[in-house]
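Happy to walk through this one with you. Let us take some labels and ask what stands behind each of them.

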Amino acid sequence: MSTKEVAEFMKAELDRRTRLYQEMVVYDIIKQFGKEFTYTNQNGNPAIDKKVLAEFKKITPDVVWERGDRCWRKKMPHEMDRESRAVE
């Protein structure tokens with residue numbers, strides 16, 4: 001397995017749903033790909049490896065990160081010309 005395969009899995013999951021919540025998909029990644037694509041953050045919670053997130057960002061230019069909800073979603077039409085990948 002590779003970081004690209006994990007990122008493609010995340011993209012496929014987002015394509016099936018309206019939003020992709022980090023706290024849920026991290027457990028799917030552990031289950032399907034193993035712990036090597038995750039780590040434990042400073043709060044003691046499982047998190048997605050930064051290399052996986054970088055690959056996910058490359059293959060999803062039409063996706064934004066919602067900080068408040070801690071999830072990814074597709075950009076809305078009025079956001080398509082925004083360079084920023086994060087919204088409140």
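Predicted model: local features only at pLDDT ≥ 70, side-chain atom pairs only at ≥ 80, totals over all residues.

Q: What makes up the chain, read along the sequence?
A: The pattern is α-β-α-β-β-α-β-β-β, which comes to three helices and six strands.

Q: How do you know that the span of helix α2 agrees with its number of residues?
A: Helix α2 covers residues 22-33, twelve residues in all. At 1.5 Å a residue it should span 16 Å, and its end C-alpha atoms are 16 Å apart, so the two values agree.

Q: Why are some residues of α2 called buried, and which are they?
A: Buried means under 20% relative accessible area, and in α2 the label goes to Q22, V25, V26, I29 and F33.

Q: What makes these buried residues line one face of the helix?
A: Seen down the axis of α2, they fall within an arc of 110°, so they line one face. As background, an α-helix has 3.6 residues a turn, so residues three or four places apart point the same way.

Q: Why are E23 and K31 called exposed, and where do they sit?
A: The label exposed needs a relative accessible area over 50%. E23 and K31 carry that label, and they sit on the face of α2 turned away from its buried side.

Q: What do the buried residues of α2 pack against?
A: Their partners are α1 (3-16) and the strands β1 (19-21), β2 (38-40), β3 (46-48), β4 (63-66) and β5 (71-74).

Q: Which residue follows α2, and what is its phi?
A: G34 follows α2, with a positive phi near 105°.

Technical notes
Residues numbered from 1 in each chain as written. Heavy atoms only, no water. Helix = DSSP H or I, 4+ residues; strand = E, 2+ residues; numbered from the N terminus. Expected span 1.5 Å × (residues − 1). Buried < 20%, exposed > 50% of the residue type's maximum accessible area, 1.4 Å probe, protein only. Arc of directions from axis to C-beta. Contact = heavy atoms within 4.5 Å.
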